[in-house]
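Dear colleague,

I am passing on the structure below, together with notes on what turned up when I went through it. Please read the notes with the coordinates open beside you.

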Amino acid sequence: MQRTLGWIDVEIAQNGTTSDAVDLGVPFENLLIYVPTIDNATVTTEVSYDGTTFTAFRTFKDDGTSVAVLSGATTGGYVWRIPFGFQHFKVKVGAEQSTAKRTFKVFAFGR
């Protein structure tokens, strides 16, 4: 049976680079992240099994090396789908959001 969690707001404060930790209640297989227009930066997620210790969400390339799962963003206004499997996460950007706070929208779904 497919589970869903409706759209939730995840904010990065003005002059910040990382959101507060988000607890989805249970692990979800997929996340949709609506990326707003942000200051010149990349967007990544950090994940945690325990809600305390967070690390960059990474994937493996065909050659066996790992790379951060990230998206480049400045114009915003698009949805990013990532395979997930975690309950706790943060949204992180590569540069301080000096002009204003940024609100990302997140939708979780899966078994």
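Of the 111 residues in the protein chain, 41% are buried, where buried means under 20% relative accessible area, exposed over 50% and partly exposed in between (1.4 Å probe, protein chains only). Please bear in mind that this is a predicted model, in which local features need pLDDT of at least 70 and side-chain atom pairs count only at pLDDT 80 or more, while totals for chains, interfaces and linings use all residues. Residues are numbered from 1 along each chain as its sequence is written, and side-chain values use heavy atoms, with hydrogens and water left out.

The protein chain has nine strands and zero helices, taken as DSSP runs numbered from the N terminus (helices H or I, at least four residues; strands E, at least two). Its accessible surface comes to about 6100 Å², with 51% of that belonging to carbon and sulfur atoms; the areas come from the Shrake-Rupley method with a 1.4 Å probe, and for residues only the protein chains shown count as cover. Among contacts between residues at least 6 apart in sequence, 82% join residues at least 24 apart, a contact being heavy atoms within 4.5 Å.

The largest nonpolar core has 23 residues, and Leu24, Leu31, Ile33, Val43, Phe84, Phe89 and Phe104 are those with the most contacts inside it; such a core is a set of buried Ala, Val, Leu, Ile, Met, Phe, Trp, Tyr and Cys residues joined through side-chain atoms within 4.5 Å. At least two residues of this core come from each of strand 1, strand 2 (22-35), strand 3 (41-48), strand 8 (78-93) and strand 9 (102-110), and the largest share, seven residues, is supplied by strand 8. Leaving out residues up to four places away in sequence, phenylalanine 89 touches, among others, Val10, Leu24, Leu31, Glu46, Phe54, Phe84 and Val106.

Valine 10, in strand 1 (residues 3-12), counts as buried because its relative accessibility is 2%. Beyond its neighbours within four places in sequence, valine 10 is in contact with Ser19, Val22, Phe89, Val91, Arg102, Thr103, Phe104 and Val106.

How many salt bridges does a search of the whole structure find? There are three, each defined as a side-chain nitrogen of Lys or Arg within 4 Å of a carboxyl oxygen of Asp or Glu. One joins lysine 105 to aspartate 9 at 2.5 Å, N to O, and it links distant parts of the chain, with lysine 105 in strand 9 and aspartate 9 in strand 1, 96 residues apart. Another joins lysine 101 to glutamate 11 at 3.3 Å, N to O, with lysine 101 in the loop between strand 8 and strand 9 and glutamate 11 in strand 1, 90 residues apart. Glutamate 46 and lysine 92 also meet in a salt bridge, at 3.4 Å, N to O, from strand 3 and strand 8 respectively, 46 residues apart. Glutamate 46 counts as buried because its relative accessibility is 15%, whereas lysine 92, at 30%, counts as partly exposed.

One backbone detail deserves a look. Asparagine 15, found in the loop between strand 1 and strand 2, has a positive phi of about 70° although it is not a glycine. Most residues other than glycine have a negative phi. At 44% relative accessibility, asparagine 15 counts as partly exposed.

With best wishes
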